[in-house]
Each structure stands twice: as C-alpha cells, then as structure tokens.
Amino acid sequence: MKPIQIDWEELELACERNAPNVVSYIDRETGAVLVFYDESEEERSSHRAVRENTARYLEVEPVPPKEQYRWMEKFVATVTDEKLRERILVAIDGKGAFRRFKDLLVSYPGVRERWFAYRGQHLHAYINEWIVRKDIELAQPPPWGWDVKPPEDEPVPAAVVTAELSPAEVLRRQARELVDKVPAVELETAIAFLEFLRERHAGRLAAKSPAGR
C-alpha cells in the first residue's frame, strides 16, 4: 500500500464514537474513513463487503468508554474552583455521566474550551499510538505532530464528593443542575410542579400522623 493522507477530523470522530452498531474503517488506499450504522439492508451489504476485505479496510478501534471516563476524572483535578469541581464530580457520578458533563460545561465556556484541549491531547496521543501499532504509512504526519503526550494529572474520583453526601443530597444537587437549565418561560410550570410534590408529601405525612388518623 502506498502512503495515505487520512481524513483526520473523521478519524478523531471515529476514535471517540462508541455508539452501538456503529463501526468505522480506514481505507488503506485512499485514507477515507467509512462509517456504517447498519440501518438498511443495502448498508449492511456494503458493510459486509468492507469487513471481509481486510487487505484494504482497517477497522478503527475507538477509545474505550472507561478510558474516556478516566479522562474526565483526570480533568477534574485541573479545575481550581472548588465549588465547580464539586459540581462536576457530582455530575459525572453514575449513568449518563458523559451527557451531564457536557451539559454542565455549556455554562462555563472557558472551562469547556480547556476540556476540549485537554481531551484533544489524550485523543491525539491515542491515535498516534494506534497508527504506529497498526503500521499505517502516512503521506504526511498528523496535523498535531508525533510528539504528543497525554497529561499526567491524577484522577479525582466522583466518590471523593459523593461518599460524603447522602443519596438524597446527591439527587437534590442533580435536580438543582436541571432547574438551572430550564428556560425562563418554563420556570413557573417547574415551580408549580415542585410545590405540588411538596404538598403531596406533606399530605402523606399528615395522614400517617396520630392526629391524621
């Protein structure tokens, strides 16, 4: 195979993508990145043809979700604002951590940009290592160069915060995060619903009390 010029932007996306039933390949002849979602019989047929042609097409190995989660944990160690660091730790604890993490950073554009740069260092180091390991010959070096080293920050697990909080407090903090993102026009409805829940709870307590009986 001759040296190829890879579509780097597509390769970055492929290495981040861990969605079920989505598989990406590099065309060793053209450098193109092919993505299959297997949503139709025609696409599944094309996918089978690519998968069987191992001489030309190389399956991209995405960064494992556990490793990407570790990147988030390590990034928390770089956040100097103690309250924000605590909010992030609570956000990334449990199922849906990636979505909550991204939603939270929307409100902090400066931290969000630092995260993109931080994640980029890890991702580019992973891609470089993968290219060398798969013996892919390039027409040009990666746009970020070969001398990329991931940051060595120590991870700060979410348990550092959540272990000191009751399950109810964790839920309350997550609820506050959601309320912060509710559009102003919907706040009145959200408040009315929360007041309804509070009154219903108070009613149940009254019914259980000796006076209520």
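Colleague: Which helix is Q68 found in?

Modeller: Q68 is in helix α3. Helices are DSSP runs (H or I, at least four residues), numbered from the N terminus. This is a predicted model: local features need pLDDT of at least 70, side-chain atom pairs count only at pLDDT 80 or more, and totals for chains, interfaces and linings use all residues. Residues are numbered from 1 along each chain as its sequence is written, and side-chain values use heavy atoms, with hydrogens and water left out.

Colleague: Is Q68 buried or exposed?

Modeller: Buried, at 12% relative accessible area. The cut-offs are under 20% for buried, over 50% for exposed, and partly exposed in between (1.4 Å probe, protein chains only).

Colleague: What does the side chain of Q68 reach?

Modeller: The backbone oxygen of V63, at 3.1 Å. Leaving aside neighbours within four places in sequence, Q68 is in contact with C15, E16, N18, V63 and F98. Contact means heavy atoms within 4.5 Å.

Colleague: New topic. How many residues has the largest nonpolar core?

Modeller: It has 38 residues, and I127 is one of those with the most contacts inside it. A nonpolar core is a set of buried Ala, Val, Leu, Ile, Met, Phe, Trp, Tyr and Cys residues joined through side-chain atoms within 4.5 Å.

Colleague: Which helix gives the most to this core?

Modeller: α6, with 9 residues.

Colleague: And where does P155 lie?

Modeller: In the loop between α6 and α7 (159–162). P155 is partly exposed, at 21% relative accessibility. P155 and R70 are 85 residues apart in sequence, yet 7.0 Å apart in space, C-alpha to C-alpha.

Note on methods. Helix = DSSP H or I, 4+ residues; strand = E, 2+ residues; numbered from the N terminus. Polar contact = N/O pair within 3.5 Å; in protein donor to acceptor, adjacent residues only side chain to side chain.
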